[in-house]
Amino acid sequence: MVAIPKTQTAATVPKLGGGVVFKHDYPVPQPGHNEILAKILYSGVCQSDLHTQAGTAMSADGSYIRNVKLPHVGGHEGIGRIVALGPGVTEDIKIGSYVGVPFIARVCRRCNYCLAAKEQYCAKQLNHLHHRDGSFQEYIVIGADYLAVLPDDIDPVVMGPILCAGVTTYKAVKNANVKAGDSVVVVGAGGGLGHLAVQYALAQGAIVYGVDGGAEKGEFLKSYGIHGYIDFTNTPDVVAKVKELTNGGADAAIVVANNQKAYAQAAEMLTIGGTLNCVGLPPDKVYLQTTVATIALRALNITGNLVGSLKECLEAVEFVRRGVVKPKVVVRPFEDLPKIYEELVRGEVLGRIVLKIAKDE
Ligand SMILES: [Zn+2]
Ligand SMILES: [Zn+2]
């Protein structure tokens, strides 16, 4: 039995937009009925963490998300180990197992979305971003009825980002109905989401092209076997280049970059009947600039998704466990979080940053 302390270190945000304050006397939560306590080993850092703590995250109706539990503790790409069970937890859940801390924390399990395995849209959901403390702390309580128990043979260092970035891009590839031989363009291919979207599309047998800026990202993506790289810093007409490479237009465009410019031309890259999948969430109100005529006359599909179901999350994990998808992670100390937010704002991050939270013992 591991001794569980009464207090822990947590990266708190007392006021949205006011920055991160590390608390070393933050209470360790106690698992209640049918809950488990996990010790967090690693956690990825997501753009949604950045925007939520800054008060610049946008909701589906176009308003800023301000209804956030305070102090806010972010983190929804956590990998932990179960260290204690509350009363009533069934025997199949074992102390010592790896467990994920994904975006969704709890769902009702009875509404139409829950019953259709689209539980991420459950109106009664609680998540690890707005309602409950996430994985930027050493210990977390999670309900045992909605638990991402992970196989024992995973690498906990690389798996965190799959719980948000990975499942989101895996689902984007699924939404686009990508089949072997289809051409897929990933816009923003070199970042935390992008390099995973590239690999999930490659895993389906697609011909994958990446759009991003700079030679370094191109070399990085070539190491994954991408079929072509379009450097927007030295390509005068990105749309024309995509059309040239794909013989008239791509079957799918997955936009993971989160700025107006990335979305402006994305639909123009598509072939007849092609699919645009919107993944990257801009911090401001950003509109697609595609004309209705283009969408109608070119029979385009426009899709989006909020992460994926727990089942899809575990499918995305399986690709990584089998070594088909290899997340590029840079492990940094927990206390670097404020610095990492600044680096994310400047777009300096290649792959995904993972914080080392607590010691595994
Ligand atoms: Zn996220
Ligand atoms: Zn529900």
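**Domains and a helix pair**

Modeller: In this predicted model, the centres of domain 1 and domain 2 lie 27 Å apart, taken over C-alpha atoms.

Colleague: Which residues belong to domain 1 and which to domain 2?

Modeller: Domain 1 is assigned 7-163 + 308-356, while domain 2 covers 166-304.

Colleague: How many residues does the contact take from domain 1 and from domain 2?

Modeller: Domain 1 supplies 24 residues to the contact and domain 2 supplies 19 residues. On the side of domain 1 that touches domain 2, the elements giving two or more residues are helix H1 (47-54) and helix H10 (310-321). H10 has the largest share of that side, with 6 residues. By residue class, the side of domain 1 that touches domain 2 has 13 nonpolar, 6 polar and 5 charged.

Colleague: Now the helix pair. At what angle do helix H4 and helix H5 pack?

Modeller: Helix H4 (residues 165-175) packs against helix H5 (residues 194-203) at about 45°, and their axes are 9 Å apart.

Colleague: Is the crossing of H4 and H5 left-handed or right-handed?

Modeller: H4 and H5 cross in a right-handed sense.

Colleague: And which residues meet there?

Modeller: From H4 come Ala165, Gly166, Thr169, Tyr170, Ala172 and Val173; they meet Leu196, Ala197, Tyr200 and Ala201 of H5. Sorted by class, the contact of H4 with H5 has 8 nonpolar residues, 2 polar and no charged.

Definitions and conventions: Residues numbered from 1 in each chain as written. Chains lettered and ligands numbered in written order. Predicted model: local features only at pLDDT ≥ 70, side-chain atom pairs only at ≥ 80, totals over all residues. Domains from an automatic or database assignment. Contact = placed C-beta atoms within 7 Å. Helix = DSSP H or I, 4+ residues; strand = E, 2+ residues; numbered from the N terminus. Nonpolar A, V, L, I, M, F, W, Y, C, P; charged D, E, K, R; others polar. Axes fitted to C-alpha atoms, helices over the stretch in contact; angles between N-to-C directions. Left-handed = near helix turned anticlockwise from the far one by under 90°.
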